[in-house]
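Take a moment to look over the structure below. We will walk through it one chain at a time, and then look at where the chains meet.

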Amino acid sequence: MILQQHLDKLEVPYVLTGLGEIEIKSDIPTEQYQDLELSLKKYGIEIIDNPKNILIQKVKDIIIEMIYLEDKLPNSKISAYIANKLNHSYGHLSNLFSEVTYSSIENFIIMQRIERAKQVIVEDKFTLTEVAWKLNYSSVAHLSNQFKKTTGLTPTAFQRIIKKRKSANLTEES
Amino acid sequence: MNDNALHILLADDDEDDRLFFKDALDEVRVKTVVTTVNDGVELMNYLNQPDVRLPNVVFLDLNMPMKGGMECLREIRSDNRLKGLSIAIYSTSASEEDIEETFVKGANIYIKKPNDFNELKRVLSEVVSINWHYHTSGLNKENFLLSI
């Protein structure tokens with residue numbers, strides 16, 4: 001919406017080609033482009049126009065979508081899934097990802113999964129077993145192990161700390 | 001995607017430790033820009049400058065003269081302006097309870113000071129990489145906890 005408003009205001013001809021993706025139909029003078037960039041920045045919207053970075057962002061978006069929206073990560077062949085969706089070999093995507101982000105796709109997936117686990121744990125609506133199931137871990141032990149490996153803390157310790165922080169803040173405010 | 005560097009502020013009263021730290025960081029893949037201060041008072045003075053470019057991560061030695069790590073932690077966490085800072089506390093040793101207490105008080109990272117340089121490099125690499133991800137991938141800093 002915001003993006004379209006801005007593009008319309010600047011009278012830039014464009015076509016929406018996908019989620020968060022726009023193809024601009026004619027050459028924009030640099031000054032206009034910079035204006036667009038600046039005004040979008042105020043809304044926290046960043047323009048990614050470097051082909052490598054665009055591809056990396058797409059990989060990240062696919063992974064985040066798998067973890068957050070579908071709530072169940074496909075059990076096997078995540079690599080094939082990503083490769084197929086982006087029409088690039090997984091090897092190529094892997095190399096590019098590491099080059100640009102200094103981290104592997106696998107690590108990124110683990111990080112995002114644990115990030116989601118943290119979110120659910122903080123909500124405090126589910127048991128750890130349910131959290132593990134929700135995130136498609138084969139067992140609570142698997143979740144706990146990966147959690148501890150990634151953060152150095154067990155999920156239980158993590159939850160305890162967040163709860164203590166919250167009650168400490170409440171005491172301060174009152 | 002940020003092509004910028006990760007800005008790091010280190011507070012440590014030991015000159016050798018400061019040097020080791022900087023050397024270890026030189027070998028980390030993520031680009032970093034390091035500023036150092038010698039104690040807690042210098043640290044807070046630095047952060048409280050009106051137009052200062054705030055770092056992304058602050059590394060605090062628990063045992064500092066003038067103003068200790070825990071006190072700095074408390075001050076930083078009670079300042080809304082500094083909300084976006086990741087705080088890494090490090091210390092030579094601590095019990096699990098003390099470590100948890102540090103997290104409860106608002107630290108994001110707890111580092112058990114490694115004995116040798118290679119280990120320090122490994123630890124810093126890990127810490128910097130994770131911070132870089134928090135900086136570039138929009139992860140939730142409120143849930144950012146790392147014990148290493």
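Start with the layout of chain A. The C-alpha centres of domain 1 of chain A and domain 2 of chain A lie 31 Å apart. Domain 1 covers residues 2-47, and domain 2 covers residues 52-167, according to the domain assignment. Keep in mind that this is a predicted model.

What is chain A built from? It has nine helices and two strands.

Now consider the overall form of chain A. Its C-alpha atoms fill a box of roughly 55 × 50 × 25 Å along the principal axes. A compact globule of 174 residues would have a radius of gyration near 16 Å. Chain A has 21 Å instead. How many of its residues count as buried? The share is 19% of the 174 residues. Contacts tell another part of the story. Take those in chain A with a separation of 6 or more: residues 24 or more positions apart account for 46% of them.

Turn to chain B. Here six strands form an open sheet with parallel pairing. Their order is β2-β1-β3-β4-β5-β6. Which strands sit at the edges? They are β2 and β6 (146-147) of chain B, and each pairs on one side only.

Look at one end of this sheet. Strand β1 (residues 6-11) of chain B runs parallel to strand β2 (residues 32-37) of chain B, and six bridges join them. How does the chain get from β1(B) to β2(B)? It crosses through helix α1 (residues 15-26) of chain B. This β-α-β crossover is right-handed.

Move along to another pair. Strand β3 (residues 57-61) of chain B and strand β4 (residues 86-91) of chain B are also parallel, with five bridges between them. Find F59(B): it stands opposite A88(B) in β4(B).

Finally, bring the two chains together. The contact takes 20 residues from chain A and 17 residues from chain B. On the chain A side, α3 (51-69), α6 (105-123) and α9 (155-173) each supply at least two residues. Which element gives the most? It is α9(A), with six residues. Sorted by class, the side of chain A that touches chain B has 10 nonpolar, five polar and five charged residues.

Notes. Residues are numbered from 1 along each chain as its sequence is written. Chains are lettered from A and ligands numbered from 1 in the order in which they are written. This is a predicted model: local features need pLDDT of at least 70, side-chain atom pairs count only at pLDDT 80 or more; totals for chains, interfaces and linings use all residues. Domain bounds come from an automatic or database domain assignment. Two residues are in contact if their C-beta atoms, placed from the backbone, lie within 7 Å. Helices (H or I, at least four residues) and strands (E, at least two) are DSSP runs, numbered from the N terminus. Ala, Val, Leu, Ile, Met, Phe, Trp, Tyr, Cys and Pro count as nonpolar, Asp, Glu, Lys and Arg as charged, and the others, Gly among them, as polar. Two strands pair if DSSP finds at least two bridges between them. A crossover is right-handed if, with the strands pointing away from the viewer, the path from the first strand over the helix to the second runs clockwise. The radius of gyration is taken over C-alpha atoms; the globule rule is 2.2 Å times the number of residues to the power 0.38. A residue is buried if 20 or more other C-beta atoms lie within 10 Å of its own, exposed if 12 or fewer, and partly exposed in between; C-beta atoms are placed from the backbone.
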